[in-house]
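I opened the model to look up a few side chains, the salt bridges and the ligand site. My notes follow.

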Amino acid sequence: MTLEEKAKMVIGCSSSAFTGYGNSTLYVPGSAASTAMIERLGILPSVLADGPAGLRISPRREGTEQTYFCTAFPIGTALASSWNTELVENVGKSIGNEVLEYGVDVLLAPGQNLHRDPLCGRNFEYYSEDPYISGKIAAAYVRGVQSQGVGTSVKHFAVNNAETNRKDNDSRLSQRALRELYLKGFEISIKESKPWTVMTAYNAINGQQSMESRELLTDILRNEWGYEGYVMCDWAYAGLRNTQKEIWAGNDLLTPGSDQQYNEVLEAIKNGSLSETDLNNSVERILRIVVKSPRFHGYKYSDKPDLQAHAKVARQAATECIVLLENKDNTLPLSGNGKNVGLFGISSYDFIAGGTGSGSVNKAYTINLLDGLKSYGYNVNNKLSEFYTEQVTKSIEALIAKNPIYAYLGRTSLSEVSISDKLIEESASQDDFAVITLGRSNGEGLDRHAFDDYLLTGIEKNMLSKVSTAFHKAGKKVIVILNISGATEVEPLKGLADAIVCCWLPGQEGGNAVMDVLSGKENPSGKLTMSIPITYFDTNTYDNFPYDYTGPAAMGKYAVTPKPERKNVHYINYDEGIYVGYRYYHTKNVKLSYPFGYGLSYTSFQYSNPTVKATKDGFTATITVKNTGKVAGKEVVQLYVTAPDGGLDKPACELKSFGKTKLLQPGQSETLTFNVDAYTLASFNEAASQWETAAGDYKIYFAANIEDVRGSGAYTQKKAQAWKVNNVLKKQ
Ligand code: BGC
């Protein structure tokens with residue numbers, strides 16, 4: 001290969017940037033970039049396109065009537081709420097099949113950053129506040145997609161937990177928090193599922209840009225974890241980063257790529273600031289993936305994946321992601337409540353399938369709750385439906401007029417509208433029950449706000465209270481559906497609603513999936529993968545979460561809500577250390593709206609016969625779960641471990657394993673087995689730069705959620721164990 005050819009291989013090709021040697025959108029319109037084509041050597045491009053809630057490509061192409069829609073699956077947070085790795089793998093298979101059949105080679109997903117703070121605008125793409133479940137779910141997703149012979153890109157590596165000023169923000173944290181929380185999920189998914197590629201993050205970590213950090217990409221990712229694929233950077237345009245440093249660090253592919261970067265590579269080799277060995281290594285790593293890609297093998301893709309079959313997978317997955325938060329006096333399932341529904345809330349009529357930005361999917365349709373109710377034979381109050389349908393049209397027009405980017409990036413949820421007392425009163429007198437949907441969507445480039453976003457808006461509270469009062473006065477029930485992207489205020493709902501159902505952003509089959517659960521056709525079995533604080537200000541991160549409502553946000557001119565507040569947006573101090581999410585709330589006994597791992601069912605489960613047996617390397621635990629109720633259901637069991645006193649300071653307990661039963665019929669039991677090795681029990685000791693599993697007695701808890709322990713056991717680690725690692729990415 002000539003030097004010029006090598007330089008081409010490390011530069012991404014996209015419509016917007018590196019024009020000389022290819023343009024991925026010529027192969028697949030709407031894809032994000034590709035690797036270079038070098039005809040002389042028979043090297044074909046490998047096309048990269050976004051995810052993770054499904055494949056993101058353009059749905060229409062010039063000169064043809066054919067459409068290229070993709071299936072919108074539930075968002076990452078929802079998928080994780082299923083706690084079902086088999087289900088996630090299956091979703092991955094369907095997504096991977098669309099990737100393959102639309103001629104794409106690598107899907108830019110999954111996203112698996114941690115939910116450090118509920119306001120992070122991209123939390124919806126990510127899985128949890130806990131790295132263990134994040135890693136396991138990501139691994140299942142990668143296995144599923146890659147089973148189809150295409151690749152994935154786990155992202156954004158690493159410590160990318162806010163969107164504000166995302167290209168110029170330094171995450172400052174202890175090595176312990178870095179290793180135990182922010183890298184742990186990646187470590188699990190990378191070791192267990194071998195993603196073809198990894199995408200670095202925009203932000204810096206302790207002063208080192210992720211994409212320029214040799215400590216991150218070579219010392220940790222490759223040398224410690226044995227990663228063999230290639231690394232690409234998040235879409236950093238030329239000039240923003242140091243080209244030569246990126247290649248030196250082990251960030252192989254510079255995406256989206258530019259002519260300037262190509263010249264910089266050549267120049268750096270010529271002036272000796274980049275060694276040809278480093279360049280060769282990057283080229284080799286990229287080529288090893290290119291030759292695995294379907295396009296390289298001449299795969300004849302159909303451009304016609306089986307969208308109907310995938311819609312079924314999306315619907316079934318969405319039902320299992322639903323978390324039932326409240327169900328007073330068995331309000332649900334609906335049987336016997338009558339067929340006339342007062343359907344409130346603008347999102348009932350404009351259900352939100354997913355988030356915005358690169359994670360949004362160009363789907364053929366979204367089933368809203370109105371459609372879902374109708375297909376189950378319910379009559380929706382006509383006046384309400386006319387009122388809200390008109391409001392939906394008006395609000396969409398206003399939104400796009402104000403901000404045309406929504407037409408491209410996928411628009412955000414519509415703000416709730418005021419509704420007259422008269423419409424509420426009429427519905428309460430005529431209809432049999434009320435359903436209210438509260439919607440929240442957000443996405444790439446912008447973080448959420450505490451007020452009017454995490455916290456309910458005045459209009460929402462007013463509507464909820466009026467509908468609740470009117471229906472309750474008439475002796476009728478009120479059901480609230482949370483069509484939300486992530487943790488949002490729910491405390492005020494508890495007194496107003498008889499049932500609260502959180503369906504997240506459930507993908508294109510949302511309205512059907514919700515009705516499958518409301519009707520009792522499916523029994524909800526999802527559980528929260530994050531804690532829901534009573535108010536945003538109960539988090540321990542709010543003082544160290546950046547926001548900038550005045551200046552240019554990451555999307556620059558597309559920043560939508562000017563407000564006269566601004567905090568430091570150039571670095572984030574992770575002062576809370578390892579006390580993120582339940583590690584903080586549970587350890588410090590902070591009262592929550594709902595704890596980590598929480599979720600109800602239409603049936604009840606009894607746990608019995610907990611056992612814990614030491615193995616050569618850790619322990620194996622078992623518990624028997626029996627369905628003691630009247631309907632079939634699945635139960636998620638979480639295994640928490642409390643470490644012995646002494647040694648490093650530890651959270652009250654940590655999730656170290658989980659399992660989900662199959663569908664248990666009434667009276668049926670299943671014994672779940674959990675294997676935990678000594679390394680999984682380890683904490684990170686910064687002073688010695690090593691992982692340590694202390695000797696002593698570990699308490700093992702089998703729990704329905706972190707606050708609901710149903711069985712326990714003990715494990716004795718006879719000898720302390722330690723694993724030395726590189727002393728890198730130190731806090732400055
Ligand atoms: C996003 C990535 C995405 C990439 C390509 C970036 O702005 O942060 O998640 O994969 O664009 O579209």
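**Entry 1: Y227**

I found Y227 in the loop between α8 (214-224) and β9 (230-232); helices (H or I, at least four residues) and strands (E, at least two) are DSSP runs numbered from the N terminus. This is a predicted model, so local features need pLDDT of at least 70 and side-chain atom pairs pLDDT 80 or more, while totals for chains, interfaces and linings use all residues. Residues are numbered from 1 along each chain as its sequence is written, and side-chain values use heavy atoms, without hydrogens and water.

Is Y227 buried or exposed? Y227 counts as buried, at 6% relative accessibility (buried is under 20% relative accessible area, exposed over 50%, partly exposed in between, with a 1.4 Å probe and protein chains only).

I listed its contacts (heavy atoms within 4.5 Å). Leaving aside neighbours within four places in sequence, Y227 touches I190, P195, W196, T197, V198, L221 and R222.

A polar side-chain atom of Y227 lies 3.3 Å from the backbone nitrogen of V198. The backbone oxygen of Y230 is 3.0 Å from a polar side-chain atom of Y227.

**Entry 2: salt bridges**

I counted 38 salt bridges (a side-chain nitrogen of Lys or Arg within 4 Å of a carboxyl oxygen of Asp or Glu). R440 and E460 form one of them, at 2.7 Å from N to O. R440 sits in the loop between β13 (433-439) and α18 (450-454), and E460 in helix α19 (residues 458-473), 20 residues apart. R440 is buried at 6%, and E460 is buried at 3%.

E654 pairs with R583, with the closest N and O atoms 3.0 Å apart. E654 is in strand β22 (residues 654-660) and R583 in helix α22 (residues 582-585), so this pair ties together parts 71 residues apart in sequence.

**Entry 3: the ligand**

Which side chains did I find at the ligand oxygens? A polar side-chain atom of E444 is 2.7 Å from a ligand oxygen. An N or O atom in the K155 side chain is 2.9 Å from a ligand oxygen. For R166 the distance is 3.2 Å. E444 and R166 also belong to a salt-bridge network with R122, E125 and E163.

Notes: A polar contact is a pair of N or O atoms within 3.5 Å; within protein, one must be able to donate a hydrogen and the other to accept it, and residues adjacent in sequence count only if both atoms are side-chain atoms.
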